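Open the model in your viewer and switch to a cartoon view. This tour goes from one selection to the next.

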Amino acid sequence: MRRGVLGGTFDPIHLGHLRAAENAREALGLDQVLFIPSGSPPHRGAPLSSALDRFAMVALATAGQPSFVASDVELARDGPSYTADTMAALRREGPADQLFLIVGSDTFPEMATWRDPERLFASCTVAVAERPGAAAPELAAARGSGLRVERVSGPGLAVSATEVRRRVREGLSVRYLVPDGVADYIAKRGLYR
């Protein structure tokens, strides 16, 4: 099975995440894309919404696409959520699977500073999704060093979770920035106010 992995705080998940995953699914012929909310992100402060709320929003957002699956693999694990550990767990779960870690073009340059980058890079192909407004990273040097990396093109959406949270805080609509079910969930739970 060809499995994509898209991780993040998803605080909240938005249409930009879904579009990047769909671009990767199409470009790489993925059978499945796992959406993995980070339990305890080591590179930033704690998410504003709970793990349960973030997982629920991911489940709502991915429900309409059979190839998209919400995964709690990081939420079920104690301690910081290191991508290398997550990919190792997925490798044990499906040793014959081809794994593709989907990252934004703004994130790819910092991956060498992540925990255990050699172990991470050995476990998967990195799929670099173009992000509107971010420079496209040079991939030739990475390929030359033996890193398996693919560029994922396709229409991107310039949406950020920061902007979604700001709009909610200011009493503005987030419709058409997040899936309807996520907008309803945010309103019913009173998130980001």
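Two strands count as paired if DSSP finds at least two bridges between them. Strands of a sheet pair through backbone hydrogen bonds, either parallel or antiparallel. Keep in mind that this is a predicted model.

Select its 6 strands: they form an open sheet, the order is 3-2-1-4-5-6, and the pairing is parallel. At the edges are strand 3 (68–70) and strand 6 (149–152), each of which pairs on one side only. On average, neighbouring strands of this sheet are turned by 30° against each other, direction ignored.

Next, select helix 3 (residues 83–93). Helix 3 packs on the sheet and touches strand 1 (2–8), strand 2 (32–37) and strand 4. The direction of helix 3 makes about 155° with that of strand 4.

Now select strand 4 (residues 98–104) and strand 5 (residues 125–129), which run parallel and are joined by 5 bridges. Show Phe100, whose bridge partner in strand 5 is Thr125. Then show Gly104, whose partner in strand 5 is Ala129.

Is strand 5 enclosed or open to the outside? Of its 5 residues, 5 are buried, so strand 5 is largely enclosed by the rest of the structure. Thr125, Ala127 and Ala129 are buried on one side, and Val126 and Val128 are buried on the other.

Finish at strand 6, which pairs with strand 5 in the parallel sense over 4 bridges. Show Val126 and its bridge partner in strand 6, Val149.

Notes: Residues are numbered from 1 along each chain as its sequence is written. This is a predicted model: local features need pLDDT of at least 70, side-chain atom pairs count only at pLDDT 80 or more; totals for chains, interfaces and linings use all residues. Side-chain values use heavy atoms; hydrogens and water are left out. Helices (H or I, at least four residues) and strands (E, at least two) are DSSP runs, numbered from the N terminus. Axes are lines fitted to C-alpha atoms, for helices over the stretch in contact, and angles run from 0 to 180 degrees between N-to-C directions. Contact means heavy atoms within 4.5 Å. Buried means under 20% relative accessible area, exposed over 50%, partly exposed in between (1.4 Å probe, protein chains only).
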